[in-house]
Amino acid sequence: MITYLTQVLNLPLVKASNILSNFAGTSSFTPIIGALFADSFAGRFWTIIVGSFIYVLGMVAITISASLPQLRPPPCPTQESCVEASSLQLWMLYLALLLTSLGTGGIRPCVVTFAADQIDMSRAKTESRKWNFFNWYYFCMGLASLLALTVVVYIQDNVGWSWGLGIPTIAMVLSLVAFVLGSPLYKKIKPGGSPFVRAAQVIVAAVRKRKSVPPDDPAALYHNKILDLDISTNGRLLHSNQFKCLDRAAIASDSDMKGSSGWPNLWRLATVHRVEEVKTVARLVPIWAATILQVASHSHISSFTIQQARTMDRHLSPSFEIPPATMSIFSTLTVILVLPLYEHLFVPLARRLTQNHAGITCLQRMGIGFGISIIASVVSGLVEIKRKMVATRYNLLDSPTAIIPISAFWLVPQYFLQGLSEVFVAVGHIEFLYDQSPESMRSTAAALYWIAIAIGSYMSTLMVTLVHRYTGERRNWLPDRNLNRGRLEDYYWLVSGVQVVNLVYYVVCASYYKYKSIEESVEKNDGDGDVDALLTDDNREIEMVKK
């Protein structure tokens, strides 16, 4: 898309990069709407269908925009004194991007959670498996990206944008039809009501009883298995000692009940499970926030790297040249190749050292990824210095469209490190949010992943805009047209520093994090009757014999 905006719509680099970053941000904010829609009343299956249909409309709109000459400006092969897209042409683009953003809101928070619903994700089952669902989910996403970055980008660059955007549109229609036809095979979990309303009820009840003193014994707090049945099908959350002020919401009194029905007024009394739902989300927030600056540091880098690649020698042979946007295939290939190695080599080795069934925890996995990301940014800065040194040697600094005699494969190390970081951070973050969120809020938790990307994208836009505005005209770090006269390496040093600060913050938050404890019912038979095993995240097992 950065190629389409700069080469077809003739937009300046910073403006085009900001449009795409804002689009990415909007597409990452809308999942909270889809999550609320799914968790509250529609369910994940119908939310995916509605979101996919809206997404198809957006794809059709952008394909029409690329196909009709009156919806794009005159070609500008020299990239000098170009006529930018008109307001009408830009509004057609914005409409298409808006529709795809809205459609994405229904797809992103529900696909991974709906897929996980189809298999047993209880702790006992996941520990006995030799494979990790989230690794393979991300592996499949990597294969899709690989197809897009090779076949689709090649068609866009060598056949035309009409086919280049039309083929993904057709593919999306076919995928929606296939998904609908598979409906009888799916396990569809009933939504448990709005998680935001439940959280508000807990907070209101706790505020109303702010002068009450919680009992020393958590067992004296209010429990109601029947009331929590729809939101605790995989087990109830156990009481924790953090955020004890919220425990006041579970202090029962006669005035909290609705007449003679025996059912509580949920704005005055909450169960321990519902209180723990709020506590669990509160514990997630500081860890989740660390990914925002990570995204902010990398949101624009992919666009800038494509522009770097455009000025470099991309030939694999005298007759075949890699399209600039396809260079990011090396990051995707890294994800595809490293994920199986991570699961089959790294995890067994780490398991022997840590005695953890996953090898390392999700928090440790994310921390390693943050560190690799810093190295990737530093390498990116060094490669940009090398690129401009060669441009200087051949007097090409003032030729923005000239091909500098330096191989684009100098960019491969940073792509490799970015992909390696993604294996650790992205997959670890998705798994962490799914595993540590309350089961009735898992679509919402998946939406949090994308909201972090949204906030990070907007922060990145702000960062790029400020850098572009305040770094002068003669030696601007991020020039509109001629990257050779810019100081992109200084921008890389800036984001490297931001990531170092973020890593320190993350390590502090992770060191204080407490994993949730959940009661899972597992039917056993030891000859003396049925036994329910209550399994908690610190691997303690309490057996209760039914009488």
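**Figure 1. Helix α4 passes helix α5 in a left-handed crossing.** The model shown here and in the other views is predicted. Helix α5 covers residues 87-117, and its axis and that of α4 come within 7 Å. The two axes cross at roughly 150 degrees. Angles over 145 degrees count as roughly antiparallel, so α4 is described as roughly antiparallel to α5. Sorted by class, the residues in the contact of α4 with α5 are 19 nonpolar, 10 polar and two charged.

**Figure 2. S52 lies in helix α4, which spans residues 44-67.** Is S52 buried or exposed? Its relative accessible area is 6%, and the limit for a buried residue is under 20%, so S52 counts as buried. The side chain of S52 reaches back to the backbone oxygen of I48, at a distance of 2.8 Å. With its neighbours within four places in sequence left aside, S52 is in contact with I107, M172 and L176. S81 is 29 residues away from S52 along the chain, and the C-alpha atoms of the two are separated by 40 Å.

**Figure 3. Helices α15 and α16 pack with their axes 12 Å apart.** Helix α15 runs over residues 442-470 and helix α16 over residues 488-511. The angle between them is about 140 degrees. That angle makes α15 oblique to α16, because the roughly antiparallel class takes only angles over 145 degrees. The crossing of this pair, α15 and α16, is right-handed. Which residues meet here? From α15 there are S460, M463, V464 and V467, and from α16 there are Y491, L494 and V495. By class, this contact of α15 with α16 has six nonpolar residues, one polar residue and no charged residues.

**Figure 4. Q414 sits in helix α14, residues 412-436.** The relative accessible area of Q414 is 0%, and Q414 is therefore buried. What is Q414 in contact with, leaving aside its neighbours within four places in sequence? The contacts of Q414 are T305, Q308, A376, V379, S380, V383 and Y492.

**Figure 5. Q355 and H357 are placed in the loop between α12 and α13.** Helix α12 covers residues 329-354 and helix α13 covers residues 362-393. Most residues other than glycine have a negative phi. The phi of Q355, by contrast, is positive, near 60 degrees. Q355 has a relative accessible area of 67% and is exposed. V347 is 10 residues from H357 along the chain, and their C-alpha atoms are separated by 8.2 Å.

**Figure 6. N395 is found in the loop between α13 and β5.** Strand β5 covers residues 404-407. What is the phi of N395? The value for N395 is near 55 degrees, which is positive in a residue that is not glycine. N395 is exposed, and its relative accessible area is 67%.

Note on methods
Residues are numbered from 1 along each chain as its sequence is written. This is a predicted model: local features need pLDDT of at least 70, side-chain atom pairs count only at pLDDT 80 or more; totals for chains, interfaces and linings use all residues. Side-chain values use heavy atoms; hydrogens and water are left out. Helices (H or I, at least four residues) and strands (E, at least two) are DSSP runs, numbered from the N terminus. Buried means under 20% relative accessible area, exposed over 50%, partly exposed in between (1.4 Å probe, protein chains only). Contact means heavy atoms within 4.5 Å. A polar contact is a pair of N or O atoms within 3.5 Å; within protein, one must be able to donate a hydrogen and the other to accept it, and residues adjacent in sequence count only if both atoms are side-chain atoms. Axes are lines fitted to C-alpha atoms, for helices over the stretch in contact, and angles run from 0 to 180 degrees between N-to-C directions. Angles under 35 degrees count as roughly parallel, over 145 as roughly antiparallel, 65 to 115 as roughly perpendicular and the rest as oblique. A crossing is left-handed if the near helix is turned anticlockwise from the far one by less than a right angle, and right-handed if clockwise. Ala, Val, Leu, Ile, Met, Phe, Trp, Tyr, Cys and Pro count as nonpolar, Asp, Glu, Lys and Arg as charged, and the others, Gly among them, as polar.
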